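Let's take a friendly walk through this protein, from its overall make-up to a few residues worth a look on screen.

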Amino acid sequence: MHSHASHAHLVQFYENDRFLIEGLADFIGAALSGGDKGIVIATHEHLEQLDAALARRGLPGAAGAGNYIALNANGMLPLFMANGLPDKARFHDAIGTIVARAADAHEGDVYIFGEMVALLCAGEHCHVHTVGKHQAAIHVENYFNELQAHYPFTLLCAYPLSAFPHEDDRAMFGEVCRLHTGVLPAESLDMEADLDTLRRTIALLQQQAYALSTEVYDRKQVERALREVNFDRLTGLPNRNVFHDRMDMDIKRSRRTQRPVALLFIDLDHFKEINDTLGHATGDLLLKQVGQRLASYVRASDTVTRLGGDEFTITLAELNNLGTVTDVAQKILEDLAHPFQLDDEIAYISASIGITLYPQDATSTGELLRNADQAMYESKAMGRNRFCYFTHSMQEAAQARMAMSNDLRSALDKQQLSVFYQPIVDLHAGGIVKAEALLRWQHPENGDISPVDFIPIAEHTGMIVGIGNWVFQQALNQASTWRAAHPGFSVSVNVSPVQFYRSNEAYYREWLSHCKSIGGAPGVGPAVSIEITESLMMTSDDSVIDKLNAFQNAGIKISLDDFGTGYSSLSYLRKFNIDYLKIDQSFVHNLEHDSANSALCEAIIVMAHKLGLKVIAEGIETPGQRDMLAGAGCDYGQGYLFGQPISAGQFEQLLTQAPPRRPDSSAHA
């Protein structure tokens, strides 16, 4: 360090204390040797080291009189601090008074070294709020500049480079430099060296800076890679890896604290239909918003993860009250029922939740996850949009479903599946005019398996697409054979909502092509019709409407199955070009003894006719039911009164014994 003219405000950066003390001895030593005043505000340790350095140079230091004033910075700081921050008035009283007396009493120059500014920034000596320590240093620097406007003195402030350890400190570092009239670099740069040495030193510093920036970049890349390994890129939530780690930790903690842990397995209902109808980009937006909503329900000790697809988990740890689990599950269901704004689209969705508890249900993460998944499956089986707690009977049911699913995959190839046909009669003309194709499974060991049991599994696994296409082809071929002998006869085929989405595009085009190639007489239309459910109408978009319109343009009739058991919205009947309504058998079952059911059936029939639709009543078992429905104007009937579902060969005999009514211009055609 060198001597400087009065009124200079210098800043010295340093890396180690030894360089600081030697430079400080130069600065103060030069002042004392020239008969000037030296004031040092530093830590007690640095003051002792400075005294020793001055003594080695034969200067008086602290033992001298008059020209040297040593002030302990740790003792000075509290004098001008208020509420943890520097106070201007108190600073002028504490520091300004000392500077004024020294300037007035001494004829020579005054040299001041101040370390308290660095103390404000250094973490181990910080006397101010952490978030405000750099700003506090700026205040003190400005206070010194104000003093210099009134009193002649040269000021040297010292900052360790450790006071600015982060990339984010660059702006504050620049501000500190700006407030000083001169900047003295740290010991790594020798200003007295020749030009070539300086150039070499600068080049070395540039190389170190580049290497550091590369290291920082590489570290960020590693951090990003680790984040991608442990966090879901779409939602930002922890992923399956983190789920297993944290669940294991929660289990270990629970063993110590004896507090239970709850695992909630959350699966969105009909999410595939959102993807298929609105597109995957919109589906991704929905998943992100679902993740945000789920994360808002939990405490810091809990964990929300996305396992993949539309599956999420919430782990509730350190539970004092198990009732909290039910409250959280109910809150999730209620909140997810609110609409989601997805750019220009508004979507509605629900969730099925499975809940399991540690330690009462299982003792390992894998077992708990399996239990919660089984409980979630039970929620879906009960109608979705609900939660279920795990029971050990669910495990047995899950194993049975898995076995059934495995057997179903090979049932078609092993010719275990067949199509049966149930007659549909004209309630006024009395003949069989239609049939409904119904899938049957004859298991070699378990016998007849009800469609109620295996159709949901086929839909859940996606096997319904291939199986449904096979049923359609079987029904179409059989219907074309019967139509050759019985003009106007048709077979209706149940179509699952899963079959209507984009994954079934090839089958959909194939159906239309075959229907057109196996058409009937002019004005009669193809030999098959399709039956859809209200759930398809609720979740449909333009692509589904286009498919339905294409079927109708090809002459294929469309029936709305199980009418009255779902939402039964009249707006859907106006939106879709439906040809038939099928009254659900639950309304027909007690028709003769329940006036309310009778009134409902009559109302449905009148409404349908007003809309230009024909009505088919399902589940007719008695002549009384048939007569009441016919009297109310119902067009067609189906049920055990007319015949049970039978094989194609048996149905052929039935048609021979009771030939269908020939189509005419009747209102019931």
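Predicted model: local features only at pLDDT ≥ 70, side-chain atom pairs only at ≥ 80, totals over all residues.

**Overall make-up**

The protein has 669 residues, and buried residues make up 48% of them. Its secondary structure comprises 24 helices and 24 strands. Among contacts with a separation of 6 or more, 70% are between residues 24 or more positions apart. The accessible surface comes to about 32100 Å², with 51% of that belonging to carbon and sulfur atoms.

**A six-stranded sheet**

Six strands form an open sheet with parallel pairing, in the order β3-β2-β6-β7-β1-β8. The edges are held by β3 (68–72) and β8 (182–184); each has a single partner strand, so one side of each is left without a neighbour in the sheet. From one strand to the next, the twist averages 15 degrees.

Here is how some of the strands are joined:

| Strand pair | Bridges | Sense |
|---|---|---|
| β2 and β3 | five bridges | parallel |
| β2 and β6 | five bridges | parallel |
| β6 and β7 | four bridges | parallel |

A42 has N72 in β3 as its bridge partner.

Which residues of β6 point each way, and are they buried or exposed? V110, I112 and G114 point one way, Y111 and F113 point the other way, and all are buried. In other words, five of the five residues of β6 are buried, and the strand is mostly covered.

How far apart are the end C-alpha atoms of α1? At 1.5 Å a residue, the 17 residues of α1 should span 24 Å, and the end C-alpha atoms are 23 Å apart, which agrees. The buried residues of α1 are L20, I21, G23, L24, A25, F27, I28, G29, A31 and L32. Their cover includes β1, β2, α2, β3, β6 and β7.

**Helix α11**

The buried residues of α11 are T282, G283, L286, L287, V290, G291, R293 and L294. Among the elements that cover them are β9 (261–268), α10 (271–278), β10 (303–308) and α12 (323–336).

In soluble globular proteins, nonpolar side chains tend to be buried together. The largest nonpolar core here has 77 residues, and those with the most contacts inside it are V491, F500, I530, I532, L581, L629 and F651. Helix α16 (residues 463–485) supplies the largest share of this core, ten residues. Leaving aside residues up to four places away in sequence, V491 touches Y421, A435, A437, A475, A479, W482, A527, V528 and S529. A second, separate core of 36 residues includes F80, A163, F164 and V176.

**Individual residues to look at**

N597 lies in helix α22 (residues 595–610). Buried means under 20% relative accessible area, and N597 is buried because its value is 12%. Not counting residues up to four places away in sequence, N597 touches S586, F587, N590 and L591.

The peptide bond from Y358 to P359 is cis, with omega near 10 degrees, and P359 sits in the loop between β14 (351–358) and α13 (365–381). R384, in the loop between α13 and β15 (386–389), has a positive phi near 70 degrees although R384 is not glycine. R384 counts as partly exposed, at 31% relative accessibility. D562, in strand β21 (residues 558–563), likewise has a positive phi, near 55 degrees, and D562 is partly exposed with a relative accessible area of 28%.

Technical notes. Residues numbered from 1 in each chain as written. Heavy atoms only, no water. Buried < 20%, exposed > 50% of the residue type's maximum accessible area, 1.4 Å probe, protein only. Helix = DSSP H or I, 4+ residues; strand = E, 2+ residues; numbered from the N terminus. Contact = heavy atoms within 4.5 Å. Pairing = 2+ DSSP bridges. Axes fitted to C-alpha atoms, helices over the stretch in contact; angles between N-to-C directions. Core = buried A, V, L, I, M, F, W, Y, C linked by side-chain atoms within 4.5 Å. Areas by Shrake-Rupley, 256 points an atom, 1.4 Å probe, with all protein chains shown as cover. Expected span 1.5 Å × (residues − 1).
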